[in-house]
Structure formats: C-alpha cells, structure tokens
Amino acid sequence: MLTLDGLVIRQGDFILRADLEVPEGAQVAIMGPSGAGKSTLLSVIGGFSEAAEGRILWNGERLDHLSPGKRPVATIFQDNNLFPHMTAAENVGLGLRPSGRLSPDERDRVAEALASVGLEGLEDRKPGNLSGGQQSRAAFARALLQDRPLLLLDEPFAALGPAMRAEMQGLVRDLARDRGRTMMMVTHDPDDARRIGGETILVADGVAAPPVETEVLLGDPPAALRAYLGAEG
C-alpha cells in the first residue's frame with residue numbers, strides 16, 4: 001500500500017497537501033485542473049522532487065529519504081525519455097542495467113518485454129523510426145523490466161490520437177493488472193479515467209483527495225471537477 005501521510009508540497013507560492021492511501025494492486029487515475037499539481041505529486045512520490053513535510057510509505061516502509069533509483073517506483077513521463085541514439089532494445093534494456101551491458105539471459109528478457117507490448121521485430125529500430133505509439137510501448141516495456149511494484153504514468157499517451165491512446169491505456173491497464181502492479185496515471189480526460197478503471201484521485205484547490213470510485217466521482221463531481229470538466233450545475 002502507498003501511504004501519503006501528512007504530505008505537504010511547497011514550490012514558491014504553490015502548496016499541495018495529501019493524506020491518502022492507494023491499495024497495492026490498485027489502478028488509479030489522477031485528475032484535476034491544469035496547474036493543480038498532478039505531475040508534481042507524481043514527481044514527489046517518484047523522488048524527483050521533495051516534499052516540505054510529511055511521509056511517503058510503501059507497505060509501511062518510508063520512501064521519502066530514498067533516491068529515485070532506490071524507490072520501488074517506475075515512472076513513465078509524457079516524452080517517454082527514450083534515448084534517440086539507442087535502439088528500442090537498448091532503451092528497454094536500461095530497465096535492467098543502466099550500463100546497457102546485458103547477459104544473454106537479460107537480452108532474452110528484453111525481447112520478451114518487447115514482444116509483450118507488441119514490438120516484436122522492431123528491436124533494432126531507433127526512436128526516430130518508431131511511431132508515437134511504438135515509442136510509448138518501448139517506454140512501458142522498459143518500466144516493466146524495472147520490476148518495481150508501483151508504476152507512475154505522467155500523461156505518457158497525451159500526444160497520441162484517441163484510438164491509439166485508448167489502445168495503449170488498455171494495454172498498460174491489463175499488463176499492470178496481470179503483473180500485480182499498482183498504477184497511478186495522470187490524465188485530463190474523464191473517458192481515460194473510466195478506461196483505467198478503479199478509482200480516481202482529484203487534485204484541486206491545493207489538495208490531493210483520497211481515491212474515490214471513478215464512476216461515483218464523475219457521476220456527482222465536486223465543484224472544482226465540475227468547473228474543470230465544463231459540466232453544468
């Protein structure tokens with residue numbers, strides 16, 4: 001279980017507070033107005049930014065003093081963070097060894113990860129020769145190979161068209177469930193939140209609220225979410 005205990009994030013005049021729990025194996029969307037702090041929240045959980053107060057715990061163990069590489073967290077960013085001079089297989093292999101020096105067994109694991117996301121036969125292509133969807137698949141394969149229980153996704157499919165975005169979200173959701181990963185995904189689209197399934201964390205008005213069942217939240221949205229979605233009432 002991920003626990004944010006009395007978490008306070010301060011960046012200049014910006015303040016975000018969070019007191020919540022995400023059960024192990026849950027699939028959670030994170031929604032809210034632009035600038036509310038959705039990506040900032042993921043950055044702090046992943047260790048790329050620091051909180052001013054509070055604790056971050058995974059199954060009771062504190063994470064907030066650990067560097068990103070020491071946390072049980074894999075993060076996929078919007079730009080996918082693929083190295084343009086490296087092949088798809090080389091990029092994915094970084095999930096196993098940052099040095100890129102893989103054993104034959106590890107190269108087999110990379111091939112299996114690429115196949116699991118539909119990139120079999122494209123191992124030797126560089127990112128510039130992959131479509132946006134294929135680049136997203138490669139980034140996800142790398143995250144899977146990191147074999148960390150908590151998967152954070154910061155709008156990695158925002159640049160994709162609706163059909164490809166839906167396909168990628170379904171792939172990520174299903175593979176995360178099959179492998180028992182806890183997934184938190186930032187999205188601006190309520191249809192994306194529904195597709196992810198499970199629950200949604202609303203980030204608005206300086207607070208990251210505890211997860212609520214997505215259909216319940218969208219069926220009767222609070223004022224901040226209603227205004228963001230442009231709903232009446």
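Predicted model: local features only at pLDDT ≥ 70, side-chain atom pairs only at ≥ 80, totals over all residues.
A salt bridge here is a side-chain nitrogen of Lys or Arg within 4 Å of a carboxyl oxygen of Asp or Glu. R181 lies in the loop between α5 and β8, and D147 in the loop between α4 and β7, so the pair ties together parts that are 34 residues apart in sequence. Helices (H or I, at least four residues) and strands (E, at least two) are DSSP runs, numbered from the N terminus.

Residues are numbered from 1 along each chain as its sequence is written, and side-chain values use heavy atoms, with hydrogens and water left out.

Buried means under 20% relative accessible area, exposed means over 50%, and partly exposed lies in between (1.4 Å probe, protein chains only).

The whole structure contains 10 salt bridges. One of them joins R62 and D64, at 2.4 Å from N to O. Here R62 is partly exposed at 36% relative accessible area, and D64 is partly exposed at 27%. Another joins R173 and D174, at 3.0 Å; R173 counts as buried at 17% relative accessibility, and D174 is partly exposed at 35%. Salt bridges that share partners also join D191, R194 and E215 into one network.

Within α5, the buried residues are R165, M168, Q169, G170, L171, V172, R173, L175 and A176. What do these buried residues pack against? Their partners are strands β3 (27-31), β7 (150-154) and β8 (182-186), together with helices α3 (104-116), α4 (132-145) and α6 (190-196). Contact means heavy atoms within 4.5 Å. Just after α5, G180 takes a positive phi of about 70°.

Strand β8 includes T182. At 0% relative accessibility, T182 counts as buried. Setting aside residues up to four places away in sequence, T182 touches V22, P23, E24, G25, A26, W58, P149, L150 and L151. The C-alpha atoms of T182 and M168 are separated by 17 Å, the two residues being 14 apart along the chain.

I turn now to the interior. In soluble globular proteins, nonpolar side chains tend to be buried together. A nonpolar core is defined here as a set of buried Ala, Val, Leu, Ile, Met, Phe, Trp, Tyr and Cys residues joined through side-chain atoms within 4.5 Å. The largest core has 42 residues, of which V92, V117, F140, L151, L153 and M183 touch the most other members. Helix α4 gives the most to this core, with seven residues. A second, separate core of 27 residues includes L16, V22, L42 and V44. L153 is in contact with L42, I76, V172, M183, M184, M185 and V186, leaving aside neighbours within four places in sequence.

L42 and V44 are among the buried residues of helix α1. This helix, residues 38-46, is mostly covered, with eight of its nine residues buried. After α1 comes G47, whose phi is positive, near 95°.

Finally, the overall picture. The protein has eight helices and 11 strands. Its radius of gyration is 18 Å, close to the 17 Å that the globule rule gives for 233 residues, so the protein is as compact as a globular protein of that length. That radius is taken over C-alpha atoms, and the rule is 2.2 Å times the number of residues to the power 0.38. Along the principal axes, the C-alpha atoms fill a box of roughly 55 × 40 × 30 Å. Of the 233 residues, 48% count as buried. Among contacts with a separation of 6 or more, residues 24 or more positions apart account for 67%. The protein exposes about 10700 Å², with carbon and sulfur atoms supplying 47% of it; accessible areas come from the Shrake-Rupley method with a 1.4 Å probe, and for residues only the protein chains shown count as cover.
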